[in-house]
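Subject: Structure handover

Hi,

Here is the structure I promised to pass on to you. Have a look at it first, and then read on for what turned up in it.

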Amino acid sequence: GLFVTDYFTRTPRKLSPFRSFASIELFHFHIPEDTVIAVWNLITFKEQGGTFGDQCPDRSITVYFRSGAPSVINPLHTHFPRDTAVPGSFALTLTWTLPNRTTGVFNVTSPLPGDWFLAAHLPKDEGKISVKGLYEECQYLFQPQLIVQRLVNIAVLYPGHVTEQSMAPHNRSCLYKVFVPSYTSRVLVEVLRCRGAEGCPLWLRVRAKAPPLHNSTTLDCREHTPCQLAQDLPFWQHWYYVLVEKHPGVPGTVSFQVTVQLTDCSRPSLARPPFLPSSASMNMPHSFGSAGGLALGDSPPPTSPNDTKHPVPIPVTLHTGERCWPVRPTLRNELDTFSVHFYIFFGPNVSVPPDRPAVFVINLLPVLDSGGVLNLELRLNVSSLYGENVTVFGCLNHGVPLTSGDNTSVTCETESLAGFLLSVNATASLSRLRIPYPQTGSWYLSLRSLCATEHGFEPCTNVTAEVYLRAYLSPCINDCGIYGQCKLLRTNNYLYAACECKAGWNGWGCTDNAEAFSYGFQLLSTLLLCLSNVMFVPPVAIAVRSHYLLEAAVYIFTMFFSTFYHACDQPGIVVFCIMEYDVLQFCDFLGSLMSVWVTVIAMARLQPIVKQASVLYLLGAMLLSMALQMDRHGLWNLLGPSLFALGIMAVAWTARTIRRRHCYPPTWKRWAFYLCPGALIAAAAVLLYAFVETEENYFYIHSIWHLLIAGSVGFLLPPRAKPSRRLGPLPRRKGCGYQLCVNEQEELGLVDPAVASINSICTS
């Protein structure tokens, strides 16, 4: 056949260590129909500071693949919530082959068409809290590329028609496809009039949705006469692919005929008619067009000599009781994103008769509904059983309803079909099922009532069970509980939801408490973070005593908002918020930076030099507010204002030192007992904050940070400038003019006026 190659790529994205599904990077691809091979080229490279990260450590990268919906992954091996079904997926781990780059390849032969999702993440780390901008972080970038090769012009088989084919010696196989509409209970493929050098040296393979593989349903035509391959309960509204493959080493040309017969379960005594008026009669997709251009009474279209089609009556043998039951639709009511309720007409209570199943269909929209959780709930009305030992079984299957001919069957599986089983009875009257990230399309729920006897389950007589049925789509499982937050995430144009757990809880629904914080631990951490701010009381008292009223007001502001911010910022249930979280966080950060700013400006003693030193306080408040609004966690938000204030202080101290020709502050006691200890305490606090703090030790390391910062303020705040005790108030001169009085005690920064002689110099 003729092959066409398509190429798809995605933008590189930065990978994060795995904490929950909210921390993974999700990539969405679409594989076209008739694809015979799909190759993913997985490119990973390191970056550090805008260049190649050759010095970055090698960290393994795990990639997950799944068709139809995102992968449900569990790399930390946590427990899933009860009644949760976990669909499988492929996983691949990438290792590094070069210092800053590595590639991996993932091949899928005959992949299922439609949506494919890739999820990638780094291993879980120790949870270190790093200051943004402190050092160049190692970044691991991941870029997937997809190359698909698909066949074009695959021969289409029409039900009830015979296709003749001659396989040349250099050909190995012939591929066909047939569309299976709804309410089809059986697909029968048959090879007729097979002539070859060694009888009929052919393999017959059939597969739904994609070309057959080596492990698909197979039949050896040399060992079976007639060569017929049947598929019971086929997927509705899908293509079925038929591969006729020649045995290796067979010489010469092999000629044969192939035909397909579809059994319509809505009319069990009839097969699908050989002629159909249009594609609408078979519910074919628009891409298929009309059924070969056939109209009622038309003859088949002309074909090549090796691929002729003409109607041949084929006898059909049906099993007794092979029929399908009416499928009741559901009404879709969209409330919000991933919040959809499916209502049953004349429900939600449904009656399950003893002689036949009750079948319902739930339609999930492509792409839109695969990012949530499909929830199903069955509740049995025990009063409707009238004392009988009745059990209602429910089978939830994707693509086709599973209604077996065996009335006593309690399984939801066949050779080619697997579903989910639910059951309710008088003892356990409630059953739930949750499917995270369900495949889109049609889901069929078949309810059947059976009575338990000594010999197993048997059909009930004259008992109609009543069941309350509830089906809905939700973003997360139980809204992630009280120890989690359900987040709505987006990758390009695809939306999905995931839980982000807190307080040590883990799992898909934040229900795994193996590492959860106890209530006492949560209370202790909250009290430590809040009460450690009481250490600001001594600096407030010192500031008030020294007449630094503006500084004292800033310290009170910082103490108040830091206390209530940490009371609101707790991950567990010991939480108390007096305002919105964002307001508390902004005020806490602003108060912390303003405390540093006003303390350093007060140490500079600018009042004798700059008459309006309060301008600096106001300017600092405005600039810090702007910086926090731009980037609240940046390094320069803390370092920039601090360095600027320290520069002002250094200039002021240097000017005094040059003018007085003496080191300022002049006394060694001020340096030894106040400035040096305060600077060391502040430096220790900064080192703890920048390099030691992690998520595990946050509650006590950050509490120590509060204590050290408040303590350093008490040491660094300059003393009160006391007036001279020797001189009384100076007389004011009458008339125009002014007096400039310089208090040398304030200039020298002395605590006790008896340390040096004090003179007040007044000039007119």
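When I say below that residues meet, I am speaking of contact, which means heavy atoms within 4.5 Å. Please also keep in mind that this is a predicted model.

Let me start with helices H2 and H3. Val-537, Pro-539, Val-540, Ala-543 and Val-544 of H2 meet Leu-549, Ala-552, Tyr-555, Ile-556 and Met-559 of H3. Sorted by class, this contact has ten nonpolar residues, with no polar and no charged ones. H2 runs over residues 537-545 and H3 over residues 549-568; their axes are 8 Å apart and the angle between them is about 165°. Angles over 145 degrees count as roughly antiparallel, so H2 is roughly antiparallel to H3. The two helices cross in a left-handed way.

Next, helices H1 and H8. H1 spans residues 519-531 and H8 spans residues 698-716, and their axes come within 8 Å, crossing at roughly 15°. H1 and H8 are therefore roughly parallel to each other, and their crossing is left-handed. On the H1 side, Phe-521, Ser-525, Leu-528 and Leu-529 take part, meeting Tyr-698, Phe-699, His-702, Ser-703 and His-706 of H8. By class, the contact of H1 with H8 has five nonpolar and four polar residues, and no charged ones.

In the model, residues 573-597 are 68% helix and 0% strand, with the end C-alpha atoms 35 Å apart. Residues 698-717 are 95% helix and 0% strand, and there the end C-alpha atoms are 28 Å apart. UniProt (unreviewed entry) also places "domain: EGF-like" at residues 499-510. That span, residues 499-510, is 0% helix and 25% strand, and its end C-alpha atoms lie 7 Å apart.

Finally, the aromatic rings. The structure holds 34 aromatic pairs. One of them is Phe-179 with Trp-239: the ring centres are 5.4 Å apart and the planes stand at 70°, so the pair is edge-to-face. Phe-179 sits in strand S13 (residues 173-180) and Trp-239 in strand S18 (residues 238-246), so the pair ties together parts that are 60 residues apart in sequence.

Happy to talk any of this through with you.

Best wishes

Conventions:
Residues numbered from 1 in each chain as written. Predicted model: local features only at pLDDT ≥ 70, side-chain atom pairs only at ≥ 80, totals over all residues. Heavy atoms only, no water. Axes fitted to C-alpha atoms, helices over the stretch in contact; angles between N-to-C directions. Helix = DSSP H or I, 4+ residues; strand = E, 2+ residues; numbered from the N terminus. Parallel < 35°, antiparallel > 145°, perpendicular 65-115°, else oblique. Left-handed = near helix turned anticlockwise from the far one by under 90°. Nonpolar A, V, L, I, M, F, W, Y, C, P; charged D, E, K, R; others polar. UniProt positions renumbered as here; feature names shortened; annotations may be inferred. Phe/Tyr/Trp six-rings, centres within 6.5 Å; stacked < 30°, edge-to-face > 60°.
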